Amino acid sequence: MTGLDRNLTPKTRPMQKRTAMVASLDVGSSKIACMIARLKPSPPNEALRGRTHAVELIGYSQIQSRGVKAGSVVDLAECEKAVRHAVALAERMAKVRVESVLLSVSGGRLHGQLVEAAADIRGGSVTADDISRVTSAGMRHAAGAGRTVLHALPVGYALDGVKGIRDPRGMVARQFGVDMNVVTSDATVAKNLMLVVERCHLNVEAMASSPYVAGLSVLTDDEADLGAAVVEMGAGSTTIATYSGGRLVHASGFALGGQHITMDLARGIGACIADAERIKTLYGTVLTGGSDSRELMSVPTAGDDRETPQIVSRATIANIVRHRAEEIFEMVRDRLADSPFAAEPRARVVLSGGASQLTGTIELATRILNRQVRIGRPLGFGRLPNEAKGASFSVPTGLLVYPQYAHLEHVEPRRTRQLRTGTDGYFGKVGRWLREGF
């Protein structure tokens, strides 16, 4: 029985107090990033809240993505080749062989909803079976046709209608209820991502939504407690996760991102896509100054290198970038208005992802969202290479932290997965460490 046979996406097990190895895989529209790390138990006074282990990165890679659009697989063979290449490069640096990976999901119309479920207590006091029974019913209610559950995070419990219960186990009541935030995705998108990974002879240890794991990587404790929204601005999609009281309370997304800015530039200045991407990376800004109209640059014409390059002002480039960036932030504003985040007027917005690194993004987002805005970067990692310290690596680094938060999620009981052998796969060291530790 493989992960593709399950109605729900696979979940990782809670971490134990021993060293373990994890491998994360972020399959995006513009890049595929793979990271391999060693998790070591750390003293409580030296770790961030919620983290029981320190993360030591031992291998990583980043290559151009192929066969992916808006976070969804559109070419199975091309995507498989890219994933194999990314994992092989990370394995070569780490000097280990990866068997299982933690996989992020950014496509599939991510949607989070607050689900309330209740049931009568059979034995007079609340047991672990009662909690599992009620939360399982809530998950089944949230997962509609063609959807799969990525996260089921209990927000609070209730006993006989009295809410605010933190741990109901052992308490006496006639009726037990749970409020939980359930994040779902299109099942087809999740299954095709899993299929790509399994065709590379890798097992999917767990799947997690991109904005959720980005929040685990970039949010401070105070931001998660007081309220914050993480906006993961990828190439093909923008996803949003809102936090309150230290918990994920809502998630959503839409298929607009940095790649759309690149395409606008290519059309607007008549350049090829590669040149437009380079111009966006080097000169992309949403701010214009008085001298921008006088600063000119030579841009090769798309299609024929023999033609005379055209001259374009920096103001023209900035206007094209700004119009699309404004559209993205206006859609973010509408999504936040429909979420519990609207009730937190002082909560800030944290931007992550490659598209958030455009010059002037903070100023533009602050004006449109009317919130405090900052760029989020991975927190709590002792030694990271310079290229992995930026906002574009918030998702793969968040996946490395994700196993430490597995105990917060409700995991639907299911049959034990049979490991593949022979030509279909192998059970290597990393997969064994993920499950059992050293």
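Is Cys 34 buried or exposed? Cys 34 is buried, at a relative accessible area of 0%; buried stands for under 20% relative accessible area, exposed for over 50%, and partly exposed for what lies in between (1.4 Å probe, protein chains only). Cys 272, at 30% relative accessibility, is partly exposed. A search of the whole structure turns up zero disulfides, a disulfide being a pair of cysteine sulfur atoms within 2.5 Å.

The model is predicted: local features need pLDDT of at least 70, side-chain atom pairs count only at pLDDT 80 or more, and totals for chains, interfaces and linings use all residues. Residues are numbered from 1 along each chain as its sequence is written, and side-chain values use heavy atoms, with hydrogens and water left out.

**Helix α7**

Helices (H or I, at least four residues) and strands (E, at least two) are DSSP runs, numbered from the N terminus. Helix α7 spans residues 273-283, and its buried residues are Ala 276, Ile 279 and Lys 280. These residues lie on the same side of α7, because they cover an arc of only 100° around the axis; the arc is taken from the directions from the helix axis to the C-beta atoms. The buried residues of α7 pack against α6 (258-269), β15 (296-299) and α8 (314-337), where contact means heavy atoms within 4.5 Å. On the face turned away from the buried side, α7 carries the exposed residues Ala 274, Arg 278, Thr 281 and Leu 282.

**Arg 51**

Arg 51 sits in the loop between β2 (31-41) and β3 (53-64). Arg 51 is buried but has no salt bridge, and Asp 221, the nearest side chain of opposite charge, is 7.4 Å away. Lys and Arg count as positive and Asp and Glu as negative, while His and the chain ends are not counted. A salt bridge needs a side-chain nitrogen of Lys or Arg within 4 Å of a carboxyl oxygen of Asp or Glu.

What lies 3.0 Å from a polar atom of the Arg 51 side chain? It is the backbone oxygen of Leu 216. The backbone oxygen of Leu 379 lies 2.9 Å from a polar atom of the side chain of Arg 51. Apart from neighbours within four places in sequence, the residues in contact with Arg 51 include Ser 217, Phe 381, Val 401 and Tyr 405.

**Salt bridges**

How many salt bridges does the structure hold? There are 22 salt bridges. The table gives some of them.

| Pair | N to O distance |
|---|---|
| Lys 81 and Glu 78 | 3.9 Å |
| Glu 80 and Arg 84 | 3.0 Å |
| Arg 322 and Glu 326 | 3.6 Å |

Lys 81 and Glu 78 are three residues apart in helix α1 (residues 76-94), about one turn of the helix. Glu 80 and Arg 84 also lie in helix α1, four residues apart. An α-helix has 3.6 residues a turn, so residues three or four places apart point the same way. Glu 78 is partly exposed at 27% relative accessibility, and Arg 84 is partly exposed at 36%, whereas Glu 80 is buried at 12%.

Arg 322 and Glu 326 are four residues apart in helix α8, so about one helical turn separates them. Salt bridges that share partners join Asp 264, Arg 267, Arg 324 and Glu 327 into one network.

**Glu 363**

Glu 363 is part of helix α9 (residues 361-369) and is partly exposed at 47% relative accessibility. Glu 363 and Val 286 are 77 residues apart in sequence, with their C-alpha atoms 8.8 Å apart in space.

Note on methods
Polar contact = N/O pair within 3.5 Å; in protein donor to acceptor, adjacent residues only side chain to side chain.
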